[in-house]
Amino acid sequence: MNRTNYKRVKKRRRRVLIVRMQLVAIIVFVFFIIIMVYNRFHMKDKQAVKEENINELQQTSTTDLQQGLTNEKEKKETGIKKGGNSKEAKRIWKSNKKLLVLVNKENICPEEELARRKICNGRIEAADVLYSDLCKMLSDAGEKGYNYWIASGYRSKKRQQQLVDEDVRTAMSQGLNYNDALEKTYEETMPAGYSEHQTGLALDILSSSNLNMDVSQENTEENRWLTEHCYEYGFILRYPKDKENVTKISYEPWHFRYVGKEAAKYMKENKLTLEEFYLSL
């Protein structure tokens, strides 16, 4: 190979090498651009996910906080609170389930009825289980000079409906429409099937010196003694004055409910209604 041809080949090889180097540089540059673009979009996705998680967490925290505040507000508005010892309440409930049955506007009376007996010379009926404690309570009260008239005890579902209808008619005669009359009636009279009287465990006990079934009962010495001491015999004042927003029933100083001595003592000491007792379980 002469000198001239050698130089031509050398130049051609140099050009090929330069082209290859340029191609490699271009490929590296393109690869670098691809990586940069990928990382940029990937970081955006990660940031979006992170922001979404943060927002979700914040929303959850806010929801939990709002729910907590709502629950606290509801507790304050209803007056319902957990009181006493939950384990003790559960123990008492398990051993006295039939006596502690909860019957109210949200809880229908169980179909299974307790055995009943005639009381007050056969004038009314009540659950047999409360009879001995009732006799003891009235006897002890009598020794103090207090006498009572038991206005009602067990009432059937049919009889309860009759009372509701009577109260509705009375309210409508005063100018209320049917719905308003029914709502007014349910402030004091339970719907048929939702009355404690159907259990046979509830008694309306009036002072013999005042046979009016209204709040004037609280002014009698008989009612004050009964309210203070009834728990000793297994009874509770079912609808207290300061718990109307819990029981959803107007104050009834004459309405007493038998729950058994142990439960009555527990509720008395912890200032619980039957609804609050169940809340503590």
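## Report on a predicted protein model

P240 is placed in the loop between β5 and α7 (244-247); helices (H or I, at least four residues) and strands (E, at least two) are DSSP runs, numbered from the N terminus. The structure is a predicted model, in which local features need pLDDT of at least 70 and side-chain atom pairs count only at pLDDT 80 or more, while totals for chains, interfaces and linings use all residues. Residues are numbered from 1 along each chain as its sequence is written, and side-chain values use heavy atoms, with hydrogens and water left out.

With a relative accessible area of 16%, P240 is buried. Buried means under 20% relative accessible area, exposed means over 50%, and partly exposed lies in between (1.4 Å probe, protein chains only). Leaving aside neighbours within four places in sequence, P240 is in contact (heavy atoms within 4.5 Å) with Y251 and T273. P240 and L272 are 32 residues apart in sequence, and their C-alpha atoms are 9.9 Å apart in space.

T273 is found in the loop between α8 and α9 (274-279). This residue, T273, counts as buried at 4% relative accessibility. Not counting residues up to four places away in sequence, T273 touches P240, K243, V246, T247 and M267.

Of these, T247 lies in helix α7. T247 is buried, with a relative accessible area of 3%. Its contacts, leaving aside neighbours within four places in sequence, are R238, Y239, T273 and E275.

### Overall composition

The protein has nine helices and six strands. Of its 281 residues, 34% count as buried. Among contacts between residues at least 6 apart in sequence, 71% join residues at least 24 apart.

### Nonpolar cores

A nonpolar core is a set of buried Ala, Val, Leu, Ile, Met, Phe, Trp, Tyr and Cys residues joined through side-chain atoms within 4.5 Å. The largest such core has 27 residues, and those with the most contacts inside it are L130, L134, M137, L203, I205, W225 and F235. Two or more residues of this core come from each of β2 (124-127), α3 (131-143), β3 (148-152), β4 (202-207), α6 (221-229), β5 (235-239) and β6 (252-258). Another core, of 13 residues, lies apart from it and includes L100, L102, V259 and A263.

F235 touches L130, D133, L134, M137, L203, C230, F256, R257, Y258 and A264, not counting residues up to four places away in sequence.

### Two helix pairs

The table lists two pairs of packed helices. Axes are lines fitted to C-alpha atoms, for helices over the stretch in contact, and angles run from 0 to 180 degrees between N-to-C directions.

| Helix pair | Angle | Distance between axes |
|---|---|---|
| α4 (residues 157-173) and α5 (residues 178-185) | about 125 degrees | 8 Å |
| α2 (residues 86-95) and α8 (residues 261-270) | about 155 degrees | 10 Å |

Angles under 35 degrees count as roughly parallel, over 145 as roughly antiparallel, 65 to 115 as roughly perpendicular and the rest as oblique. Helices α4 and α5 are therefore oblique to each other, and α2 and α8 are therefore roughly antiparallel. A crossing is left-handed if the near helix is turned anticlockwise from the far one by less than a right angle, and right-handed if clockwise. The crossing of α4 and α5 is right-handed, whereas that of α2 and α8 is left-handed.

In the second pair, S86, E88, A89, R91, I92 and S95 in α2 meet E262, A263 and Y266 in α8. The contact of α2 with α8 has four nonpolar, two polar and three charged residues.

### Residues with positive phi

Most residues other than glycine have a negative phi. N121, which is not a glycine, has a positive phi near 60 degrees. N121 lies in the loop between β1 (116-119) and β2, and at 87% relative accessibility it counts as exposed.

K271 likewise is not a glycine and has a positive phi, of about 55 degrees. The place of K271 is in the loop between α8 and α9, and K271 is exposed, with a relative accessible area of 62%.

Terms used:
Nonpolar A, V, L, I, M, F, W, Y, C, P; charged D, E, K, R; others polar.
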